[in-house]
Each structure stands twice: as structure tokens, then as C-alpha cells.
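Here are my notes on the side-chain contacts and the surface of this model. Please read them with the structure open.

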Amino acid sequence: RIRSYFRLETRTLVLVTVSGILYNVGMIAGPYFEGQLAQCLFDIIKGIRTMSSMIQLAVLYLLVILFVQAMRAVKRFGVRRFANDTSRNMRHMLYNSLVHMDRAELEQENLGSIMTKAVSDVDACTEGMRKFTTEIFDTGVVLAAYTVMLFSYDWRLAFISCAFTPFAYIIAGRLKGLVAASS
């Protein structure tokens, strides 16, 4: 079962989860700090703040972005490690089952085509698991973080911008049906 392969990689997936959340929530740091830097520049021009406050803000921005990018690297490495370990485990199970087949079963089957199909299935399965794991963070978490940020700035504008999402899903579903029917 696929669930057992996720359980085998619990430690790696915990690392991917923590780094993925930190990275994707940290993605909103860029727009936040860019706004703060623009406001700081405006305040410097008006004489409210000094250049040293801009330098401090820029250094903090740089450190935060470096941390966010480090979390990105950890997440990407963890996802690749998860996919590679899962592929190795699946192949090990496959080879183990082939080694323990009866001689009569082996003679009846075309072993080359069975191996090709099985290895192809393992590759497709691990690639799907990797993409699923990646998309949870790269779509779900970052979308939630941006939505929270939008609502914290102006709830009315955020509500208007989010109101179109269900319509986009409905249209995409209908288009998917049309494309599938025409092909």
C-alpha cells in the first residue's frame, strides 16, 4: 500500500513538512519587506527616518530571504530524498518478489516485459508521490499564506479577489470535460 511507503519515510516527511511550511509562509516575506522598504524610503525623503533605519531593514530583509531560500533547499532535498528512497524500497520489493517466484511461474511468464512494466509502474508511482508531496506546499500552503496576508491588509479587497476562484474551478472542470470528450 502507498500509505506504508509514506510511513517508512516519516522522518524525511517531517523535515519536508517543517521546511515546506517555513519556506512557503516565508514567501510572503518578500512582498512585505518590499513594502516596508518603500515606506522607509518615503519616510527618509520626508525626514522622519534616517538612512541607518533603511540599512537595518535591508539587512533584515536579506537575512530573512536567505533563511527562506535555505528552507526551500531543505524542502527540495527532502522531497527528492523521499522519492529516491521510496523508489528504492519499491524496487527492492519488486526484485524480492521476482527472486522468490517458483521456477514454473518464471518459465510461463515473459520476465523481460514483466520487469519493464513493473519498473515503469514504480517510476510513475514514485513520481506521483513526489509531485503530490510538492504540490501540497507549493500550492496549498503558499495560497493559504497569501490569502491570510490579503485578508490582514484589506478584507474587502481580499474577499473580492477570492470570489472568482470558485468560478475558475467550475469553468476549468467544464473545459476538462470538453477536452476529454473531444480527444
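**Notes on side-chain contacts and surface**

1. Start with aspartate 85, which is buried at 10% relative accessibility. The cut-offs are under 20% relative accessible area for buried and over 50% for exposed, with partly exposed in between (1.4 Å probe, protein chains only). Its salt-bridge partner is arginine 81, and the closest N and O atoms lie 3.3 Å apart. A salt bridge here means a side-chain nitrogen of Lys or Arg within 4 Å of a carboxyl oxygen of Asp or Glu. Arginine 81 is partly exposed, at 42%. Both residues sit in helix H4 (residues 51–99), 4 residues apart, so about one helical turn separates them. Helices are DSSP runs (H or I, at least four residues), numbered from the N terminus.

2. On the basis of the model: it is predicted, so local features need pLDDT of at least 70 and side-chain atom pairs count only at pLDDT 80 or more, while totals for chains, interfaces and linings use all residues. Residues are numbered from 1 along each chain as its sequence is written, and side-chain values use heavy atoms, with hydrogens and water left out.

3. How many salt bridges does the structure hold? There are 6. One of them joins aspartate 123 and arginine 91, at 2.3 Å from N to O. Aspartate 123 belongs to helix H6 (residues 111–153) and arginine 91 to helix H4, so this pair ties together parts 32 residues apart in sequence. Aspartate 123 is partly exposed, at 34% relative accessibility. Arginine 91 is also partly exposed, at 22%.

4. Another salt bridge pairs arginine 156 with aspartate 154. Their closest N and O atoms are 3.7 Å apart. Aspartate 154 is partly exposed, with a relative accessible area of 28%. Shared partners also matter for the list: salt bridges join Arg81, Asp85 and Arg88 into one network.

5. Now the aromatic rings. The whole structure contains 2 aromatic pairs. In one, tyrosine 32 and phenylalanine 33 have ring centres 5.4 Å apart and planes at 80 degrees, so the pair is edge-to-face. For reference, rings of Phe, Tyr and Trp (its six-membered ring) pair if their centres lie within 6.5 Å; planes under 30 degrees apart are stacked, over 60 edge-to-face, and the rest tilted. Is phenylalanine 33 buried or exposed? Phenylalanine 33 is buried, at 8% relative accessible area. Tyrosine 32 is partly exposed, at 39%. Ring pairs link Tyr32, Phe33 and Tyr61 into a cluster.

6. Cysteines need a brief word. The structure holds 0 disulfides, a disulfide being a pair of cysteine sulfur atoms within 2.5 Å. Cysteine 40 is buried, at 0% relative accessibility. Cysteine 125 is partly exposed, at 24%.

7. Last, the surface. A nonpolar patch includes Phe151, Trp155, Phe159 and Leu178, and its members together have about 1,100 Å² of accessible area. Patch members have over 30% relative accessible area and no salt bridge; like charges are joined within 9 Å, and nonpolar side chains (Val, Leu, Ile, Met, Phe, Trp, Tyr) within 5 Å. Areas come from the Shrake-Rupley method with a 1.4 Å probe, and for residues only the protein chains shown count as cover. Which helix gives the most to the patch? Helix H7 (residues 155–182) does, with 9 residues. Phenylalanine 159 lies in helix H7 and is exposed, at 55% relative accessibility.

Terms used
Helix = DSSP H or I, 4+ residues; strand = E, 2+ residues; numbered from the N terminus.
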